[in-house]
Amino acid sequence: MPEDNNSVVIENLVKQFGDFVAVDRISLGIRKGEVFGFLGPNGAGKSTTIRMLCGLLTPTSGRARVAGYDVGREPESVRQNIGYMSQKFSLYNDLKVIENIRLFAGLYSVPSNQLQARIEWVLEMANLKGQENLITGTLPGGWKQRLALGCAVLHKPPVIFLDEPTSGVDPISRRQFWDLIQHMAEEGVTVFVTTHYMEEAEYCNRLALIFRGKIVALGTPSELKRDSMKGELLLIECEPLGNAVEVLQSAPDVIDAAVFGNALHLVVRDAAAAIPQVKKYLSDHSITVGHIEKIRPSLEDVFVSLTTERDSGKERKA
Amino acid sequence: MTEQPQSAIFAEALTKSFPGIRAVDRLSFDVSAGEIFGLVGPDGAGKTTTLRMLAGIMPPDQGKATVAGFDVVHDPEGAKHHLSYMPQRFGLYEDLTVDENIRFYADLFGVKRAEREDRATQLLQAAGMSEFRKRLAGKLSGGMKQKLGLVCALTHRPKVILLDEPTTGVDPVSRRDFWRILYELASEGVAILTSTAYLDEAERCHRVALLHQGKLLFCDTPANLKAKLGKGVLSVTSSDPRGSRDQLEHADGISSLVLTGDGLHVVVDDAARRIPEFEARLKDAHIPFGAIQQVTPTIEDLFIDAVGSGSGASLHV
């Protein structure tokens with residue numbers, strides 16, 4: 001696998017806990033300046049993989065290089081060359097803005113001759129010049145996010161890990177934040193994102209979906225929506241809605257049926273063929289169809305399709 | 001706004017302020033039996049405060065609210081028998097089993113022992129958790145914990161359920177399971193008010209109310225809201241998203257343009273007109289692109305259109 005352009009290279013990475021294989025031979029190459037998203041149900045091996053990539057957990061076998069360092073043999077060097085930002089673990093709410101910045105500068109050993117310049121840079125980037133003495137906990141949502149990002153990159157790491165960085169943030173602040181991320185990526189920073197928010201997944205250049213320790217899909221958001229969905233998606237408005245789901249679940253050629261708001265979403269093998277069949281099937285069961293059309297799957301549809309189809313029928317995770 | 005006799009939840013001009021901030025600003029809406037109503041908005045928009053007022057645990061400064069016909073301001077105890085409130089940090093006892101937690105909450109709500117067992121079995125089955133009765137709550141996954149929380153909140157057969165961001169941090173598959181339970185409850189006539197910051201989750205509600213800084217931006221079915229947008233939304237797929245953006249950002253007819261991971265998301269005045277124009281621009285500039293398609297507006301598009309494309313939130317100090 002050519003390493004020149006790849007900032008992160010993962011080859012047959014495995015992590016086993018006793019008999020349990022949490023990460024089952026994952027291989028990936030992530031380019032410098034790429035915004036790469038990692039999706040997957042909780043317990044699928046996502047966090048374990050990320051911990052290995054951050055140099056926090058030793059792999060059982062296989063290898064990974066992050067920012068040029070081997071995660072198994074040089075975890076310290078890996079940790080010094082990455083930034084990490086997560087909702088649950090970032091800023092101290094009762095410290096002032098400037099105190100948080102200084103704290104993180106210390107943690108990341110920013111050299112004293114660069115310190116002032118970096119502090120200025122973070123304040124500028126987070127739009128907090130002149131507000132250094134505000135208590136962090138009082139900052140409105142979007143501002144805290146930007147400050148947390150600034151603190152995570154004080155040491156100018158070439159690779160950063162973001163965990164649901166804009167959850168709960170209003171859409172406008174979210175766009176501004178991702179604008180910032182995209183600028184950083186344009187300047188060559190490699191950005192690794194993990195999230196359950198499909199709105200965030202859409203900002204990634206490529207996505208990998210992990211399920212039961214393996215990668216089950218890899219591609220751009222559009223590629224995933226187009227190619228990864230097992231079947232095609234129909235939207236159906238009908239009366240009575242509740243009965244329709246049960247009826248359709250046992251209909252031939254229907255892969256899945258679920259209520260979605262005031263309508264039904266139906267996964268079928270072939271939309272064009274299914275539309276007239278479904279109409280007839282529903283009216284045979286005294287259900288009036290108002291409207292039926294093929295719709296584009298969302299990333300969430302892809303996610304669910306790929307993480308439940310491997311279990312026959314009703315999937316139940318502990 | 002006159003109260004409909006069949007409103008399971010009715011709020012009129014609800015207002016609540018905290019020092020320096022108007023958290024909820026003259027909020028009015030109603031929810032019918034069997035309806036799933038979404039309160040959607042970012043953190044700080046006023047969702048939790050609204051839910052607390054409706055649950056009768058925080059009095060409003062002004063305004064009126066009734067739940068299951070009871071005035072929650074003047075008779076919160078009357079309302080409590082018919083409602084269930086599941087706050088964001090729901091108190092499950094990690095060292096009790098699933099069964100023990102349900103028993104605890106059933107006792108708390110005064111559910112008679114005879115009923116309790118049947119009810120628990122039925123709810124656990126609906127939640128797909130029948131095999132986990134003896135498991136310690138602390139050992140459940142995030143999604144399962146949320147479902148258990150919901151089961152505990154339902155033992156006394158409330159007519160109204162108030163949920164505060166019940167699926168935060170829960171993966172999409174578990175979220176779908178959770179929603180399946182909500183739809184079943186709704187079909188039994190329960191009124192459900194749920195808050196969420198996940199804009200795509202808002203699409204699953206029968207009606208949504210978008211909150212921004214304590215005020216209601218709009219309230220309607222997702223389909224109606226999108227139809228009213230009156231603008232087209234385009235998705236441009238391109239292997240050079242930045243190049244595409246540079247070419248299109250000054251084109252006519254655009255009200256907002258966002259760089260996504262593999263292209264652009266553009267809101268325009270007239271999709272049919274602009275698609276060929278944009279295609280021509282990109283071709284002339286030799287920018288590779290896959291397709292320009294019209295797509296359904298997202299709730300995020302509605303939100304941004306309503307609030308304005310943002311010169312950024314100002315910092316009120």
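Because the model is predicted, local features are reported only at pLDDT of at least 70 and side-chain atom pairs only at pLDDT 80 or more, whereas totals for chains, interfaces and linings use all residues. Residues are numbered from 1 along each chain as its sequence is written, while chains are lettered from A and ligands numbered from 1 in the order in which they are written.

Chain B contains eleven helices and 14 strands, where helices (H or I, at least four residues) and strands (E, at least two) are DSSP runs numbered from the N terminus. The C-alpha trace of chain B spans about 75 × 45 × 40 Å along its principal axes. Of its 317 residues, 48% count as buried, a residue being buried if 20 or more other C-beta atoms lie within 10 Å of its own, exposed if 12 or fewer, and partly exposed in between, with C-beta atoms placed from the backbone. Among the contacts in chain B with a separation of 6 or more, 70% join residues 24 or more positions apart; two residues are in contact if their C-beta atoms, placed from the backbone, lie within 7 Å. The domain assignment divides chain B into domain 1 (7-226) and domain 2 (230-296), the bounds coming from an automatic or database domain assignment. The centres of these two domains, taken over C-alpha atoms, are separated by 40 Å.

An open sheet of four strands in chain B has the order 12-13-11-14, with antiparallel pairing; two strands pair if DSSP finds at least two bridges between them. Strand 12 (254-260) and strand 14 (291-295) of chain B form the edges, each pairing on one side only, and the twist averages 20° from one strand to the next. Strand 11 (residues 232-237) and strand 13 (residues 263-268) of chain B run antiparallel and are joined by six bridges, with Val266(B) in strand 13 as the bridge partner of Leu234(B).

Helix 10 of chain B lies across strand 11, strand 13 and strand 14 of chain B and runs at about 25° to strand 11, where axes are lines fitted to C-alpha atoms, for helices over the stretch in contact, and angles run from 0 to 180 degrees between N-to-C directions. Helix 9 (residues 241-248) and helix 10 (residues 271-284) of chain B pack at an angle of about 115°, their axes being 10 Å apart. In this contact, Ser244(B), Gln247(B) and Leu248(B) of helix 9 meet Phe278(B), Arg281(B) and Leu282(B) of helix 10. The contacting residues comprise three nonpolar, two polar and one charged, with Ala, Val, Leu, Ile, Met, Phe, Trp, Tyr, Cys and Pro counted as nonpolar, Asp, Glu, Lys and Arg as charged, and the others, Gly among them, as polar.

In chain A, the peptide bond from Glu239(A) to Pro240(A) is cis, with omega near -10°, and Pro240(A) lies in the loop between strand 11 (232-239) and helix 9 (241-249) of that chain. Ser109(A), although not a glycine, has a positive phi of about 50° and is placed in the loop between helix 3 (97-107) and helix 4 (112-125) of chain A. Ser109(A) counts as exposed because it has 10 C-beta neighbours inside 10 Å. In chain B, Arg157(B), likewise not a glycine, has a positive phi of about 50° and lies in the loop between helix 5 (142-154) and strand 7 (160-164); with 14 C-beta neighbours inside 10 Å, Arg157(B) counts as partly exposed.
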